[in-house]
Amino acid sequence: MLTNLGYTIDKQSERIVAPLPMSAVYNKPQFVSQFVSLHRDSTQPTLVTQLLTTALPNVFAEYWILYDDNNRPIACAGANTVMSDSSVGYVGLFEARNEKAGTIVLKAATEWLRHAGVRQILGPVNLTTWLQYRLRVDTDEAPSMSFEPSHPEFYQACFAQAGFVKAVDYYSTFFHIDNIIDGYTNYTRGETLDSIHLGIQFWNTLDFASSLSPERHPNLTPQDNVAKRIYDLSIELFRGKELFDEGFTRQNHRQIVLNDMISRPQVDNSSLLDLSSFVVDPQNGEDVGYMACWVEDNDTLVLKTVGFVPRVRKSKVFAFALVETMKRARDVWGCTKVACALMNENSAAISERVGGKSVRHVYRLYIHRPAPPVMHSEQSQQHQQAQAAETHTLPEVSLKSTESSSSNSTTHPASTSSPLNAESLRKEQDIRLQMYWNQQRQKMLALRSRGRAMARL
């Protein structure tokens, strides 16, 4: 049986049968407990509990558990609308004991979103891109780091069987620390942040702990309010970027993102505070960038988030800050490796040009491709003629631009596509999807050439 917050779904047809009152389906604390019990080490139980019990602003969310014949939970998933655009939805918080079970809950989640009028569905995303998303799809035998997805290989098959296709890949690159320090030192020619009149302020010199609960610390100074400074910089750095949820509040960030980061068992919190930093303009005290990083597995420096405001990006501030941080990690913490986390293809290539050959981990974001409509030959001919008269537009399977307006239309995207058969639809959509992402990469390269490169999320 598949249950969620208000519906029961027939296991054979995998379609919603009838709405039921919450009390007829489950006891909420028991549901949350069973949902959490399915989650592996990649997603902390405390975080999952918080996400299921804490409402995000302007978001509609639903969760499912699939039970076997012995009434044991064997798969779970969540679905939600995106806070900045209700016509886009995420599927995430996904775990499964086998491929069939996983496919069933993913299909339930996508059907719920389609019924809610969502036009584009991405996954896996755990409610928001501020939190963990994507699947790891490389074949490297090294285990996942704390910031990486960790899951069985059959999860890829679950998403494929549920109608998802590749949207875009992201990468983490791993280097020997001496090689990448030498590469950036050569690039900077021995200069430092002082040469461009900027300073670095490490988090261990500030009151990070009090900033997580400012309501309890009324005397907290603006400088010591680390959490607020991180949030304000993040909004400035990533506003308008694809997939960035601008509606995520400062309180959500403190209570969910930062608490998740410091409670991961793999993360050395002392190293997090000692190596993470703000880059500051000493003339006016303005924050112009920040670095969030830590030591993992006793010998690896994880560079999780590195970003700078547009006005300083034309300088070598990125390289100056990295060299200082990496030397500190090597000399103080004994690090021998560096992990540059979750980058796009262009950023990964740049890191390899500087640091030399790397080991890559690959992560994939998927987009749901609606099933093609079933047509009789006469209907197909009429539909083909109608399509010929239409203006060519980007197919629904492509990611929506962040500049697009929200749409609450309940029209199923499949009704706007008109291939003669399923195979031709798949080929056409895959080609258009690849063309779309190539265009996006070209746009990002053009922005970078004008000195307005995207900060790494």
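What share of the 457 residues of the protein chain counts as buried? The share is 52%, where buried means under 20% relative accessible area, exposed over 50% and partly exposed in between, with a 1.4 Å probe and protein chains only. This is a predicted model, in which local features need pLDDT of at least 70 and side-chain atom pairs count only at pLDDT 80 or more, while totals for chains, interfaces and linings use all residues. Residues are numbered from 1 along each chain as its sequence is written, and side-chain values use heavy atoms, with hydrogens and water left out.

**Overall architecture**
- The protein chain holds 14 helices and 15 strands, taken as DSSP runs numbered from the N terminus (helices H or I, at least four residues; strands E, at least two).
- Among contacts (heavy atoms within 4.5 Å) with a separation of 6 or more in the protein chain, 72% come from residues 24 or more positions apart.

**Cysteines**
- The whole structure contains 0 disulfides, a disulfide being a pair of cysteine sulfur atoms within 2.5 Å.
- For C335, the closest cysteine sulfur is that of C293, at 9.6 Å, which is too far for a bond.
- C335 is buried at a relative accessible area of 2%, and C76 is also counted as buried, at 0%.

**The surroundings of D281**
- D281 belongs to strand β11 (residues 277-281) and is buried, its relative accessible area being 8%.
- Leaving aside residues up to four places away in sequence, D281 touches H197, L198, E286, V288 and R311.
- The side chains of D281 and R311 are joined by a polar contact of 3.1 Å (a pair of N or O atoms within 3.5 Å; within protein, one must be able to donate a hydrogen and the other to accept it, and residues adjacent in sequence count only if both atoms are side-chain atoms).

**Aromatic rings**
- There are 17 aromatic pairs, the rule being that rings of Phe, Tyr and Trp (its six-membered ring) have centres within 6.5 Å, with planes under 30 degrees apart called stacked, over 60 edge-to-face and the rest tilted.
- One of them is the edge-to-face pair of F94 and F159, at 5.5 Å centre to centre and 80 degrees between the planes.
- Because F94 lies in strand β6 (residues 85-96) and F159 in helix α5 (residues 155-161), this pair ties together parts that are 65 residues apart in sequence.
- F94 is buried at 7% relative accessible area, and F159 is buried at 0%.
- Ring pairs join F94, F154, Y155, F159, F164 and Y366 into a cluster.
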